[in-house]
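Dear colleague,

I am passing on the structure we spoke about, with some notes on what turned up in it. Please read them with the model open beside you.

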Amino acid sequence: MAARALARAIATRKGASRLASRAASTTASAPVKLYRGPQMRLFRVLVRFKIAQLGAIGALATPALAATADATAAPSLVAAAVAAGLGSAACGAAVQYYASRYVGELALTRDGRALRVSTMDFWGNRVDEDFDVATRVTPPLAGLTREDLDALASRAFVPLDVVGARQFVVSLRHGELVDRERLFDVLSGGAARGSEAPRASS
C-alpha cells in the first residue's frame, strides 16, 4: 500500500511538472505587453475619418468640374476648390504620418529579444513590427541624468528611434504603463544588455 501511494505521488508530481513546463514555455513565447498608448480608439476614428474626407472631396469635385467645364468659372472659385483639395490632402498626409509613428502598444517577443511596436496603417488597421532589442532599438533613456529624466517625464511624447526604420513616439505621461519595470528596462538599455548575454554565452 505504501509503495502504491509513493508511486501515485511520483506520478502526480511528474504530471504537475509537465504541466508547469508547458505553461512556462507558453508564457515565454507569448508577447509580454509593456505599454498602451492613450486614446487609441479616438485616434483610430480620426485616421479612418480622413479616408471619408478624401472620398467626399473627390465625389464633390467631379460634378463641380463637370458643371464648370462648359462655363467660365470665377478665379476665386477655382482657387477655393484648389485650396480645399490641397488642404485636405495635407491634412490626410499629416494624420497618416503620425498614425505610422504613434505607438499604440509595446510588447516584448521572442523571449525578450525583440520589441514589438504596434502602429496603424493608412486604413486605421493595426500594424505589428518586431525589432531586435540589442541591435535595432535605441533606448531613449540611456545615460540621462536625473534632471534630464525629470524633463523628459514632463513631455507629452518621448521619441523612440529604431535603426533602419523610422522614429516612433510614446507617451509615458498619459499612456498606460502595463509593465513599468520591464518598460523602463527597455527604454534605458537594460533589456538590450540582457539579450546580448545569452548570445555571448552561446
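Arg116 and Asp130 form a salt bridge, their closest N and O atoms being 2.8 Å apart (a salt bridge is a side-chain nitrogen of Lys or Arg within 4 Å of a carboxyl oxygen of Asp or Glu). Because Arg116 lies in strand E3 and Asp130 in strand E4, the pair ties together parts that are 14 residues apart in sequence; strands are DSSP runs of E of at least two residues, numbered from the N terminus. This is a predicted model, in which local features need pLDDT of at least 70 and side-chain atom pairs count only at pLDDT 80 or more, while totals for chains, interfaces and linings use all residues. Residues are numbered from 1 along each chain as its sequence is written, and side-chain values use heavy atoms, with hydrogens and water left out.

The two residues are also bridge partners, in strands E3 (residues 114–120) and E4 (residues 126–132), which run antiparallel and are joined by 7 bridges (two strands pair if DSSP finds at least two bridges between them). E3 and E4 form a hairpin with 5 residues between them, and Gly124 in the turn has a positive phi of about 85 degrees.

Arg126 forms a salt bridge with Glu105 (2.9 Å, N to O); since Arg126 lies in E4 and Glu105 in strand E2 (residues 105–109), this pair ties together parts 21 residues apart in sequence. Glu105 is buried at 9% relative accessible area, whereas Arg126 is partly exposed at 46% (buried means under 20%, exposed over 50%, partly exposed in between, with a 1.4 Å probe and protein chains only).

Conventions: Helices (H or I, at least four residues) and strands (E, at least two) are DSSP runs, numbered from the N terminus.
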